[in-house]
Structures are given as C-alpha cells and as structure tokens.
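Here's a friendly walk through a protein chain. Have a look at it first, and then we'll go through it piece by piece.

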Amino acid sequence: MNKIEAIERLQILKGKAEKLADMPRGSQDFKKWHRDTEVAIERIFGEGTRHYKDFTNIQYSLRMFLSGTPDSAFENAYRTGVRTAITVLESFIDEVKEYWEDEPESRAQEWSDIDKVELLIRRFHRVARQLRSRHGSRNTIEIEDEYDVQDLFHSLLRIHFEDVRAEEYTPSYAGSASRVDFLLKKEKIIIEIKKTRQGLTAREVGEQLIVDSQRYQAHPDCNTLVCFVYDPEGRVANPRGIESDLTKEINGVPITVFITP
C-alpha cells in the first residue's frame, strides 16, 4: 500500500470512529470498525508491529468495577476508548505523512496497463468525495448506484486509455449474451464494476463475480479481467479475503478483484 492509500484508509477509519463516539456502546458498527481497523493496520504497517499493539491495547470498558456501578461509568469508558483510538489513528496519519516516501512521478511512465487501472480504482473514492465540494454549491454527481460509478469511472479511464468501449457485448455463454461494463480494446482488458448496497451480501458479490468471470472469458478481446467492487459504506466485512479468493487465473485468463475503499 502506498503513502496516499495508507493516509486515505486511516482517515476513513478515523472518520468512522468519530461517529462511533456519539453512539451507544456495544453496537455492531463498533465491532465491524474495530476489526476493519485491525486489518488495515496490519496491511499498512505489518503484523505484530508497535502500531498494531498500540491499537489493540486500547480499552473500551472498565478494567474493574463493583456491583452497582452505574451505566454511565461504562459509557464513559467506552467513549474514552474511542477517543483514544481517534488520537492513535491521528498519530498514524501524521507518521505516514511525515516519514513515508512520496511516489516518484517518473514511475507513472513505467506502469503497466493493469497498474494504471488499479491506480484509478484506488483513487476512485477520493475523486468521488472531492466532487461533492463544488464552487458555490453547484450541482454535482452523487455516487448512489452502479450507473453513477460507471459514469465517473468511464471519465477516469480516459486519462490513460484512448479506446474505451462501454457496454460491449460478449459472445453467447450458456445460451445467453451479456454486456461487459468496459473494454479497453487495445490493451485487451475487460473491466466489470459493481457497487455494494443494502441487502447485497458479500457472498452474493463473490458469486456474481465468479459467474461474470466465466462469462466474459468468451470475449475474444479478454486477455485480462478486472473486477472493481465499490464499497463506500464498508458493507463487505472481509474485503481482502474475497480479493484473495477471487484473484486467480481461470482458463488462462488472469482475474484481479479490487474492493475499495
């Protein structure tokens, strides 16, 4: 994970913690945030590091209490723990900003086509958030469904690629034809985009990607398949696990799955 990605991920987790500080203790949102943060810290700084220990050592409940201890004492302990976590995350962000090396600009010339697609995927959420802040509160694009994600990502693809074909039909597979979201004709890369939503489980996302990967391999210009799952609300509990399980080569076609942010 590079410097920009690390800062953005930590800032997102810090923002979620700030919301949790105003919520009652014991919520499922807290449990998910805590696990997501543990995973992110491991990916950013490594397993068993001081950073991981600093975070996991934070207490969100009373160490000792007597019968009759008021609920307010437990609530205060919880909020103190969350505020401590926010402070720790802020320290991590400052550390990355100050001590991590910036990505050399010259590297962009050495990137492969897949590297360029991945960069756009990794920066997508950042771009989507920036679009919300327009001069004079002018109208802007709101990312509410898959079509919104496709429209914005189509524009971003134009930065690096000239021949971008949207909704390209694939040959018939299992008795029916379908359309891919994007085909980079010259690079022979197919990109499929999904957006998580309420009621769509991680298992269903995985099953859809498996079916899509088998279907799109029938396209004559599919040398590589990239699946981009946009998950702004963090609905996928184990994104790295799903990425690992589904990123593979099937029938000679490399398949790469990205779930962000």
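Let's start at Lys188, which sits in the loop between β2 (179–184) and β3 (189–195). Helices here are DSSP runs of H or I with at least four residues, strands are runs of E with at least two, and both are numbered from the N terminus. Lys188 has a phi near 60 degrees, a positive value in a residue other than glycine. With 28% relative accessibility, Lys188 counts as partly exposed; buried means under 20% relative accessible area, exposed means over 50%, and partly exposed is in between, using a 1.4 Å probe and protein chains only.

A word on where this comes from: the model is predicted, so local features need pLDDT of at least 70 and side-chain atom pairs count only at pLDDT 80 or more, while totals for chains, interfaces and linings use all residues. Residues are numbered from 1 along each chain as its sequence is written, and side-chain values use heavy atoms, with hydrogens and water left out.

## The overall layout

The chain has eight helices and six strands. Follow the sequence and you get the pattern α-α-α-α-α-α-β-β-β-α-β-α-β-β. Along the principal axes, the C-alpha atoms fill a box of roughly 70 × 45 × 45 Å. Of the 261 residues in the chain, 42% are buried.

## The nonpolar core

How many residues does the largest nonpolar core have? It has 25, and Leu10, Trp33, Tyr60 and Val82 are the ones with the most contacts inside it. Helices α1 (3–20), α2 (28–45) and α4 (71–99) are the elements that give two or more residues to this core. The biggest giver is α4, with nine residues. (A nonpolar core is a set of buried Ala, Val, Leu, Ile, Met, Phe, Trp, Tyr and Cys residues joined through side-chain atoms within 4.5 Å.)

## Salt bridges

Side chains of opposite charge can pair when their charged atoms come close. The structure holds twelve salt bridges, each one a side-chain nitrogen of Lys or Arg within 4 Å of a carboxyl oxygen of Asp or Glu. Take Arg25 and Glu75, whose closest N and O atoms are 3.6 Å apart. Arg25 is in the loop between α1 and α2 while Glu75 is in helix α4, so this pair ties together parts that are 50 residues apart in sequence. Arg25 is partly exposed, at 37% relative accessible area.

Arg240 and Glu243 also meet in a salt bridge, at 2.9 Å from N to O. They are three residues apart in helix α8 (residues 239–246), so about one helical turn separates them. Arg240 counts as buried at 19% relative accessibility, and Glu243 counts as buried at 10%.

## A negative patch

On the surface, Glu142, Glu144, Asp145 and Asp151 gather in a patch of negative charge. Such a patch takes residues with over 30% relative accessible area and no salt bridge, with like charges joined within 9 Å. Glu142 lies in the loop between α5 (113–131) and α6 (146–157), and is partly exposed at 41% relative accessibility.

## The tail of the chain

One last stop: Thr260 and Pro261 are joined by a cis peptide bond, with omega about 5 degrees. Pro261 is found in the segment after β6 (253–260).

Technical notes: Patches are made of residues with over 30% relative accessible area and no salt bridge: like charges are joined within 9 Å, nonpolar side chains (Val, Leu, Ile, Met, Phe, Trp, Tyr) within 5 Å. Accessible areas come from the Shrake-Rupley method with a 1.4 Å probe; for residues, only the protein chains shown count as cover. Lys and Arg count as positive and Asp and Glu as negative; His and the chain ends are not counted. The place of a charge is taken as NZ of Lys, CZ of Arg, CG of Asp or CD of Glu.
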